[in-house]
Amino acid sequence: MKPAKGLERLLENPFWILELPISASPLEAEREGQKLLAMLSVGLEAAATYPTPFGPQPRTEDRVRQALAVLRDPTRRARATFWADAPPPGPSPPKLPAWTDLRERLGWR
Amino acid sequence: MRFLPILLLIGAAAFYASFLSWVLQDESSPQKPPNSNLATAMGWLVLPAGVVFGFMGVWAGGFGVPLGIALVVVCTVLWMPLTIAVAVAIPLARPRIAYALARLSTLRAEPDPVGVAMAVAARAAGRAPSPDPSIEPWLEGRAAKRPLTPGMVLALGLSASLFGHDEEAREMIALVDAFDDTITDPWITRWAHEWLAVEAAERGDWVAVHRATHGLGRRSTTTRWLGAVAGRFLDRPDAPTEANLDALWQSFPGHRKVADLHDQAVAYTGLASEPVAATSPLQAHVHAVAHPTSQTLAQAVHLWSAADVDPAIVADALKDLQGAASRAGLPLRLPKEGPMCPSDVLGGDPLEAIEIASNRLAHRLQSGDTTDRQQDLRDWLHLAGLLEAVRRHEDPALLRLAFRPIYSPLCALSVSLYNDRNERHLSNALTRWLLFLAQEVGDTRAVALQTQNLAASRRHA
């Protein structure tokens with residue numbers, strides 16, 4: 001399932017997908033990425049999701065390959081490093097009520 | 001001589017009955033439904049007299065009782081058929097009976113009798129436990145050979161909502177306001193605004209409730225109560241007092257069915273304050289994309305615009321905020337100065353969508369494909385919806401950019417509707433819509449042209 005609009009960049013951060021610290025070397029990133037691809041190819045449950053501040057997200061082979069591609073590019077890696085520091089979101093703000101059966105009550109249904 | 005008044009009354013009754021049969025046979029005519037001031041005057045004379053004679057017959061006793069009762073019933077139905085349709089046929093979910101009764105309504109001055117009857121039928125259809133699939137084609141058949149009127153648009157919108165197409169219904173019913181007052185029945189205006197307000201309240205969109213309940217045109221007592229509730233929920237300066245809110249609540253029929261909701265509005269004291277302000281743009285950004293509201297988005301934009309960060313990261317961040325804002329149906333107000341202007345952040349998506357839709361309409365008109373009225377309405381609604389998405393950004397320059405590709409094909413559509421297809425009311429409504437839009441963007445040439453078109457269409461109405 002595609003992430004909601006505006007959340008893709010955060011949810012698909014390569015450091016989160018590969019579960020690596022931002023200080024990880026390129027060699028460590030490649031090793032971890034290949035390990036995850038092998039685990040995913042045999043369907044291991046341990047590789048199926050990765051943790052994020054927004055809760056666990058599904059990990060796929062495409063996402064792992066995309067993460068490796070980002071970390072190989074120094075410019076894209078620098079931006080991903082910035083975004084990897086994202087904290088969890090705060091609590092949801094209170095919302096105004098929705099009177100969901102109003103049409104029925106007022107004779108429109 | 002003494003029988004002369006009775007003979008005159010019988011003659012007037014016969015004349016009125018033949019007029020009624022002419023009205024009901026007129027279903028397939030593309031012309032304006034028949035109207036006759038003389039017949040209406042006869043009706044006002046005959047029907048109350050019939051009720052009185054009926055009661056006299058009942059009082060006289062004997063054979064007079066059944067005859068008197070029959071006369072009272074028939075004359076009452078013919079005297080107030082619309083009231084009976086609304087009070088009886090709608091709650092009993094009888095759309096075809098509701099339609100027939102409403103079409104009998106000739107004593108009440110109606111600029112749009114077929115439209116009102118269709119709207120009454122659509123309301124009755126909405127009360128059925130499950131939607132009847134035959135009702136939509138039946139309603140469309142009633143409108144098929146006549147110029148589209150605001151009552152028909154309301155009926156078609158209500159019919160769409162029967163099957164869960166609320167967004168389509170919303171866009172269509174909002175068009176009722178675009179029609180000229182001379183063709184719009186006051187009941188249609190009241191029902192359209194009430195439906196829009198009630199549907200918005202169901203979604204919790206109290207800004208839309210406020211918009212539907214304020215402005216020009218008549219409002220029902222239910223609509224006024226919802227407007228007051230919206231004022232309270234939105235903390236508006238003109239929000240009603242508890243006493244005023246109570247008075248509005250008690251003023252509409254069936255108010256007891258919403259007593260608990262009314263109590264909720266009375267007890268409302270405002271939303272809890274936002275969490276502690278974010279200290280970094282990243283923190284504000286995460287909160288805004290996870291929970292997009294006007295406040296969280298504004299806070300994030302403010303912190304990004306002041307941040308000492310790689311401009312490419314700021315650009316990415318603003319694009320993500322735009323995505324979150326559009327997901328929540330909110331505008332994203334960007335700083336007037338700085339690295340990003342709104343059209344850059346938008347990435348041209350809505351403007352591109354407007355170009356594509358406008359070109360498609362222009363191509364359809366040029367190829368002569370102009371027979372499907374529903375398609376014309378859909379094209380108009382689609383472009384109006386795309387324009388509304390642009391309008392939410394509150395950027396006049398962006399709106400002017402969006403206006404240019406929309407204007408020409410819709411202008412051509414309006415002309416085609418009027419000249420080639422006898423859809424003068426729909427053409428007039430589209431012309432009015434284009435005029436308001438031209439005024440909004442400040443295009444004086446377009447304003448002058450649409451003003452001229454409106455004047456010409458009124459002269460020939």
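**Charged pairs and burial**

Analyst: In this predicted model, Arg9(A) has a relative accessibility of 28% and counts as partly exposed, because that label covers values between the 20% below which a residue is buried and the 50% above which a residue is exposed.

User: Why is Asp316(B) called buried?

Analyst: The relative accessibility of Asp316(B) is 14%, and buried means under 20%, so Asp316(B) falls in the buried class.

User: What makes Arg9(A) and Asp316(B) a salt bridge?

Analyst: Their side chains meet with N and O atoms 3.5 Å apart, and the rule asks for a side-chain nitrogen of Lys or Arg within 4 Å of a carboxyl oxygen of Asp or Glu, so the pair qualifies. This pair crosses between chains, running from helix 1 of chain A to helix 17 (residues 311–327) of chain B. Asp316(B) also meets Arg79(A) in a salt bridge, at 3.3 Å from N to O, and a network of salt bridges links Arg9(A), Arg79(A), Asp316(B) and Asp320(B).

User: How do you know that Glu202(B) and Arg103(A) form a salt bridge?

Analyst: The closest N and O atoms of Glu202(B) and Arg103(A) are 2.9 Å apart, and the cut-off is 4 Å, so the pair meets the rule. The pair crosses between chains, with Glu202(B) in helix 10 (residues 186–203) of chain B and Arg103(A) in helix 6 of chain A, and both residues are buried.

User: Why do Asp379(B) and Arg364(B) count as buried?

Analyst: Asp379(B) has a relative accessible area of 14% and Arg364(B) has 9% relative accessibility; because the limit for buried is under 20%, both take that label. Their side chains meet in a salt bridge at 2.8 Å, N to O, which links Asp379(B) in helix 20 (residues 373–391) with Arg364(B) in helix 19 (residues 349–366) of chain B, 15 residues apart.

User: What makes up the contact between chain A and chain B?

Analyst: The contact draws on 34 residues from chain A and 54 residues from chain B, and the area buried between these chains is about 4,000 Å², with 66% of that area given by carbon and sulfur atoms.

Technical notes. Residues numbered from 1 in each chain as written. Chains lettered and ligands numbered in written order. Predicted model: local features only at pLDDT ≥ 70, side-chain atom pairs only at ≥ 80, totals over all residues. Heavy atoms only, no water. Contact = heavy atoms within 4.5 Å. Buried area = accessible area lost by both parts, 1.4 Å probe. Helix = DSSP H or I, 4+ residues; strand = E, 2+ residues; numbered from the N terminus. Buried < 20%, exposed > 50% of the residue type's maximum accessible area, 1.4 Å probe, protein only.
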